[in-house]
Amino acid sequence: MMGLRWFNARPGSSRGLLVWLLVGVLSVTSQEASATSIEVWYGPEDEPLRKVAQIYEQATRYIFVAVYGLTSPIVVKALLDAGKRGVDVRVITDRERFNDPNQRRAVSALREAGIPIMVNRHDGLMHLKQVVADDEITASGSMNHTTSGNRYNDERLDVIRDHPIAVQSREKFLSMWKDRERFEEWK
């Protein structure tokens, strides 16, 4: 019954003020939660890597990419262009993927342009597929940065515009980047 009394408090009373403050806080929290936007892109019909390239083209501070496969010329060009604009671009990928000459070529082009590349040292796959840009955008899903993924495979890419999620994604990337037991620079 205490809750009922709070609800029925007179508008001019201190209890009424507390109720209105609580309602105000809850509505602000609700508005903040609704500010998050999520776009879902499916391959091959939506060509999700075109969306990834747009994210790279719009980034102004940093782009952190953790991806198993990276062979798409669209993506490589967008990352190279971002690096030329002064954006901090970093890539973590899987060492076993270098058996693919397309992966080796793509990642070599990035490294030659001064973009640092890390690869896994551990026995498992570096299978994460995540992009984070400017503390505002996180993209993840099944989508590798490959031409096959963009044109032929059944893939999904979720683009999430949410500051707290992007910060969490950035911190995960940076913890992997600094972990010299599990990851090493690719040379």
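This section describes the sheet, the helices packed on it and the salt bridges of a predicted model. Residues are numbered from 1 along each chain as its sequence is written, and side-chain values use heavy atoms, with hydrogens and water left out. Because the model is predicted, local features need pLDDT of at least 70 and side-chain atom pairs count only at pLDDT 80 or more, whereas totals for chains, interfaces and linings use all residues.

The model contains an open sheet of 8 strands in the order 1-7-6-5-2-3-4-8, with mixed pairing. Helices (H or I, at least four residues) and strands (E, at least two) are DSSP runs numbered from the N terminus, and two strands pair if DSSP finds at least two bridges between them. Strand 1 (37–43) and strand 8 (183–185) stand at the edges with a single partner strand each, so one side of each lacks a neighbour in the sheet. On average, neighbouring strands are turned by 15° against each other, direction ignored; axes are lines fitted to C-alpha atoms, for helices over the stretch in contact, and angles run from 0 to 180 degrees between N-to-C directions. Strand 2 (residues 62–66) and strand 5 (residues 130–133) run antiparallel and are joined by 4 bridges. Within this pair, Ile-63 stands opposite Ala-133 in strand 5.

Two helices pack on the sheet, with contact meaning heavy atoms within 4.5 Å. Helix 3 (residues 48–58) touches strands including strand 1 and strand 7 (155–161), and its direction makes about 30° with that of strand 7. Helix 7 (residues 163–178) touches, among others, strand 3 (88–93) and strand 8, and its direction makes about 65° with that of strand 3.

A search of the whole structure finds 11 salt bridges, each defined as a side-chain nitrogen of Lys or Arg within 4 Å of a carboxyl oxygen of Asp or Glu. In one of them, the closest N and O atoms of Glu-39 and Arg-161 are 3.6 Å apart. Glu-39 lies in strand 1 and Arg-161 in strand 7, so the pair ties together parts 122 residues apart in sequence. Relative accessible area is classed as buried under 20%, exposed over 50% and partly exposed in between (1.4 Å probe, protein chains only). Glu-39 is partly exposed at 24%, as is Arg-161 at 27%.

Arg-61 and Asp-135 meet in a further salt bridge (3.4 Å, N to O). Arg-61 lies in the loop between helix 3 and strand 2 and Asp-135 in the loop between strand 5 and strand 6, so this pair links parts 74 residues apart in sequence. Arg-61 is partly exposed at 46%, whereas Asp-135 is buried at 8%.
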